[in-house]
Amino acid sequence: MKNRSTWIGMGYNLFIAYTVAVINLFLAIPAARFLFRKKSRFKGIYMIILFAPLIIPSLSSVLGIHRSMIIYGLTDNLLGVILVNIIPSFPYVLLSLYGSFKGFPKRLEESALIDGVLKFQMYRYIILPILIPGILIGSTISILISLSEYILTLLIGGGEIITLPILMFPYLSSGDKIVGSVYAILFIFFNIAGILLFELGIRSVLKKITKVKLIDN
């Protein structure tokens, strides 16, 4: 813990994981609503495209766009690492929210619009409260994936963006079991603390936005 790079790694880890989780939620909520409401013969194709990262290895996708990321200056920096961490985690957030929409009564939305409810109010008081379980589950999975990501962060970060898995891996691979074990234990507690901290934060935000009293698990 006296090593400054460890604290820097934990800071990068949290910032990347939290930013990716928030971006995923902003992207997945309208995408899940689109899939839920869309009645089209192409709906299956849309779903295959959006859920493709679940079955295609993320490394394959990133290797395919690596050249473009170099051209646009998205390698060896924080922005590129954040963007690349969205690829493996987004489908899980989308899947969680799509599942929440399955229990959403379509007529409720139509009735609210007929009664003159604005779209912003509909999202705030009708849609978000129903999506809360999916938001909590999806964001937790997203954070867990981002905190544990090693290969994509190393590939796009180029060693400039240091996270805990990047610090830990050389010790484990070189056989330095003592330091590796210390990092592994730190990594476990760090992940638990990071997830709990985010969940407390997002529960507080959702409670203020929706005015719904959330029940603790």
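Q: What do buried, partly exposed and exposed mean here?
A: A residue is buried under 20% relative accessible area, exposed over 50%, and partly exposed in between, with a 1.4 Å probe and protein chains only. The model is a predicted one, in which local features need pLDDT of at least 70 and side-chain atom pairs count only at pLDDT 80 or more, while totals for chains, interfaces and linings use all residues. Residues are numbered from 1 along each chain as its sequence is written, and side-chain values use heavy atoms, with hydrogens and water left out.

Q: Why is Thr-163 called buried?
A: Thr-163 has a relative accessible area of 2%, and the term applies under 20%. Thr-163 is therefore buried.

Q: Where is Thr-163 placed, and which residues does Thr-163 contact beyond its neighbours within four places in sequence?
A: Thr-163 is in the loop between helix H7 (151-157) and H8. Contact means heavy atoms within 4.5 Å; with those neighbours left aside, Thr-163 contacts Gly-9, Tyr-12, Asn-13, Ile-16, Glu-149 and Thr-153.

Q: Why is Gly-44 called partly exposed?
A: The relative accessible area of Gly-44 is 39%. Partly exposed covers the values between the two cut-offs, so Gly-44 is partly exposed. Gly-44 belongs to helix H2 (residues 43-51).

Q: Why is Asp-76 called partly exposed, and what is stated about its phi?
A: Asp-76 has a relative accessible area of 44%, so Asp-76 is partly exposed. Its phi is near 60°, a positive value in a residue other than glycine. Asp-76 lies in the loop between helix H3 (58-71) and H4.

Q: What makes a run of residues a helix or a strand, and how many of each does the chain have?
A: Helices (H or I, at least four residues) and strands (E, at least two) are DSSP runs, numbered from the N terminus. By this definition, the chain has 9 helices and 0 strands.

Q: What makes a set of residues a nonpolar core?
A: The members are buried Ala, Val, Leu, Ile, Met, Phe, Trp, Tyr and Cys residues, joined through side-chain atoms within 4.5 Å. The largest such core has 47 residues, of which Leu-94, Leu-97, Ile-135, Ile-143 and Leu-164 touch the most other members. Helix H1 (4-37), helix H4 (78-101), helix H6 (119-148), helix H8 (164-174) and helix H9 (177-210) each supply at least two residues of this core. H1 gives the most, with 13 residues. A second, separate core has 7 residues, including Val-62, Met-69, Val-84 and Leu-152.

Q: Which residues does Leu-97 touch, not counting those up to four places away in sequence?
A: Leu-97 touches Leu-25, Ala-28, Ile-29, Ala-32, Leu-131, Gly-134 and Ile-135.

Q: How do you know where the "transmembrane region" features are placed?
A: The positions come from an unreviewed UniProt entry, which lists residues 12-32, 44-66, 78-101, 122-145, 151-171 and 178-198. UniProt positions are given in the numbering used here, feature names are shortened, and annotations may be inferred rather than shown by experiment.

Q: What is the helix content of residues 151-171 and of residues 178-198?
A: Residues 151-171 are 71% helix and 0% strand, with end C-alpha atoms 16 Å apart. Residues 178-198 are 100% helix and 0% strand, with end C-alpha atoms 30 Å apart.
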